Amino acid sequence: MTSRAAPRERGGSAPPSPPPFTTLVELTWIEKKIENWIRFGHDTYEQILDRRRRVIGFPPNSVFAFVRWAGNEFGTIISRIDIVRTVGAGEPFQTLPFVRPGGDILLKIEGWPKVERVLQAIDAVEAISVAPVDVSPDHWRHIHNRLTVGEAPRAYSAEQHRAFLLRRRVEP
């Protein structure tokens, strides 16, 4: 008998399935060993697997930041952040660990100093009263490109955001 079959045999129901074309992200939290979390994003589905693991889902064409950290008794082993746009049916996508099926990766940074700079950039966006999920995808790509070559990214401004919203409104 598997753990999935046990609740149904006792009269419980199977967990509801996510809506079609939902991008699923598996989150794990084992204190000071593996810590995967979402920094921002609007999830529409959640399934708790156990005390330490859950799966959350995002609808097509939404944006989220996925932080992955692992460590041991000697310190940090890996530190990564990915900002991803979820895709719809038939759209091309890139694969990413713990993300099914994958997504359009807008930013992919590893190494704690660079991850910390991305987190600071997210904080700066929130400081100008803009939700990070609403920021132009080009800004996240800009931060990725600048940090990858060791340069400082430019800050996102309220004027840039207004221009992005106007451009999005007139695009087909």
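Axes here are lines fitted to C-alpha atoms, for helices over the stretch in contact, and angles run from 0 to 180 degrees between N-to-C directions. This is a predicted model, where local features need pLDDT of at least 70, side-chain atom pairs count only at pLDDT 80 or more, and totals for chains, interfaces and linings use all residues. Residues are numbered from 1 along each chain as its sequence is written, and side-chain values use heavy atoms, leaving out hydrogens and water.

**Two helices**

Helix 2 (residues 112–127) packs against helix 3 at an angle of about 150°, and the axes are 11 Å apart. Helices are DSSP runs (H or I, at least four residues), and strands are too (E, at least two), numbered from the N terminus. Helix 2 and helix 3 are therefore roughly antiparallel (angles over 145 degrees). From helix 2, the residues making the contact (heavy atoms within 4.5 Å) include Val118 and Ala121; from helix 3, they include Trp140 and Ile143.

**Aromatic pairs**

The whole structure holds 3 aromatic pairs. Rings of Phe, Tyr and Trp (its six-membered ring) pair if their centres lie within 6.5 Å; planes under 30 degrees apart count as stacked, over 60 as edge-to-face and the rest as tilted. Two of the pairs are listed here.

| Pair | Centres apart | Plane angle | Type |
|---|---|---|---|
| Phe40 and Trp140 | 5.7 Å | 25° | stacked |
| Phe58 and Phe64 | 4.3 Å | 10° | stacked |

Phe40 lies in strand 2 (residues 34–40) and Trp140 in helix 3 (residues 137–148), so their pair ties together parts 100 residues apart in sequence. Both Phe40 and Trp140 are buried (under 20% relative accessible area, with a 1.4 Å probe and protein chains only). Phe58 is buried at 0%, and Phe64 is buried at 0%.

Definitions and conventions:
Buried means under 20% relative accessible area, exposed over 50%, partly exposed in between (1.4 Å probe, protein chains only). Angles under 35 degrees count as roughly parallel, over 145 as roughly antiparallel, 65 to 115 as roughly perpendicular and the rest as oblique.
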